[in-house]
Amino acid sequence: MTFTWSVPNGSTIGNHVVELTGATSGSVDATFEVYTSTGGGALSPTGGDMALPLGGLAAAMLLAGAGVWFAVRRRAHA
């Protein structure tokens with residue numbers, strides 16, 4: 001499950017905790033850090049939006065590697 005929220009401009013710099021509590025499932029928390037960007041006054045991205053593209057790329061590379069391994073193995077036994 002993914003939970004996304006926007007950190008408001010002007011938030012205190014430093015470490016913070018976000019906690020989610022379900023009616024029957026209990027609670028879970030995670031830490032995150034707020035820091036200033038190098039220009040423009042906007043908050044810097046945390047990189048969370050890259051998880052899906054990087055995961056897809058990793059899966060594609062794994063499948064390509066498996067295909068090469070099977071092709072080489074098949075050719076060696078032929």
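Is F70 buried or exposed? I looked up its relative accessible area and got 53%, so F70 is exposed. The cut-offs I used are under 20% for buried, over 50% for exposed and partly exposed in between (1.4 Å probe, protein chains only).

**Ground rules.** I am working on a predicted model, where local features need pLDDT of at least 70, side-chain atom pairs count only at pLDDT 80 or more, and totals for chains, interfaces and linings use all residues. I number residues from 1 along each chain as its sequence is written, and side-chain values use heavy atoms, with hydrogens and water left out.

**Aromatic pair.** I searched the whole structure and found one aromatic pair. W69 and F70 have ring centres 4.9 Å apart and planes at 70°, so I noted the pair as edge-to-face. Rings of Phe, Tyr and Trp (its six-membered ring) pair with centres within 6.5 Å; planes under 30 degrees apart are stacked, over 60 edge-to-face, the rest tilted. W69 is partly exposed, at 46%.

**Chain layout.** I listed one helix and two strands in the protein chain. From the N terminus they run β-β-α. Both kinds are DSSP runs, numbered from the N terminus: helices are H or I with at least four residues, strands E with at least two.

**Burial and contacts.** I looked up the buried share: 3% of the 78 residues in the protein chain. I then took contacts (heavy atoms within 4.5 Å). Among those between residues at least 6 apart in sequence, 13% join residues at least 24 apart.

**F3.** I placed F3 in the segment before β1 (14-22). F3 has a relative accessible area of 44%, so I marked F3 as partly exposed.
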